[in-house]
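Subject: Structure handover

Hi,

Here is the model I promised to pass on. Please have a look at it first, and my notes follow below.

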Amino acid sequence: MKNVLVIGNAASVWTKEYIKNTHVKFGHKVWVTYYDKLDSDVIEFYKNLNVKTIDLHANNKITKIFKYYKGFNSFFSRHKTDLDLIDIQSPPHSWQSDIIAKLSKKTNAKVIVT
């Protein structure tokens, strides 16, 4: 079993199907990020799959940058030894890429963009 962090839009049908039919199907432990408030049906979908969600939504850019950094720093600090893969679902903005690049160095995880 691999431990996978999926960085993407958790509410997207493509992300949901990808996680369900790839990572969950192969028994991976999965965390997925979200940037906008999730509807209850999306939360329930992930709960049923035993996928953990990481709340990174914020109302303005300054708060978003701070929350993004704090959220990933906390996650990478807690899972630095057991995280196998960081799966970026879509290329993020440059400031997001910088944060992910710096913080992912705290882990031994491989990073892919899908």
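**Aromatic pairs and what surrounds them**

The structure holds two aromatic pairs (rings of Phe, Tyr and Trp, the last by its six-membered ring, pair if their centres lie within 6.5 Å; planes under 30 degrees apart are stacked, over 60 edge-to-face, the rest tilted). Tryptophan 31 and phenylalanine 75 make an edge-to-face pair, with 5.1 Å from centre to centre and 75 degrees between the planes. This pair links distant parts of the chain, since tryptophan 31 sits in strand S2 and phenylalanine 75 in helix H3, 44 residues apart. (Helices, H or I of at least four residues, and strands, E of at least two, are DSSP runs numbered from the N terminus.) Tryptophan 31 is buried at a relative accessible area of 7%, and phenylalanine 75 is buried at 2% (buried means under 20% relative accessible area, exposed over 50%, partly exposed in between, with a 1.4 Å probe and protein chains only).

Phenylalanine 45 and tyrosine 46 are also edge-to-face, at 5.2 Å centre to centre and 80 degrees between the planes. Both phenylalanine 45 and tyrosine 46 are buried. Lysine 16 lies over the face of phenylalanine 45, 5.0 Å from the ring centre (the rule asks for NZ of Lys or CZ of Arg within 6 Å of the centre and within 35 degrees of the ring normal).

A word on provenance: this is a predicted model, where local features need pLDDT of at least 70 and side-chain atom pairs pLDDT 80 or more, while totals for chains, interfaces and linings use all residues. Residues are numbered from 1 along each chain as its sequence is written, and side-chain values use heavy atoms, without hydrogens and water.

**The sheet**

Five strands form an open, parallel sheet in the order S3-S2-S1-S4-S5 (two strands pair if DSSP finds at least two bridges between them). S3 (52-55) and S5 (110-113) are the edge strands, each with a single partner, so one side of each has no neighbour in the sheet. S1 (residues 3-7) and S2 (residues 29-34) are joined by four bridges, and asparagine 3 has lysine 29 as its bridge partner in S2.

**Helix H3 and the salt bridge**

Besides phenylalanine 75, the buried residues of H3 include Tyr68 and Phe72. There is one salt bridge (a side-chain nitrogen of Lys or Arg within 4 Å of a carboxyl oxygen of Asp or Glu). Aspartate 55 and lysine 67 form it, at 3.7 Å from N to O. It links strand S3 to helix H3, twelve residues apart. Aspartate 55 is partly exposed at 30%, as is lysine 67 at 26%.

Best wishes
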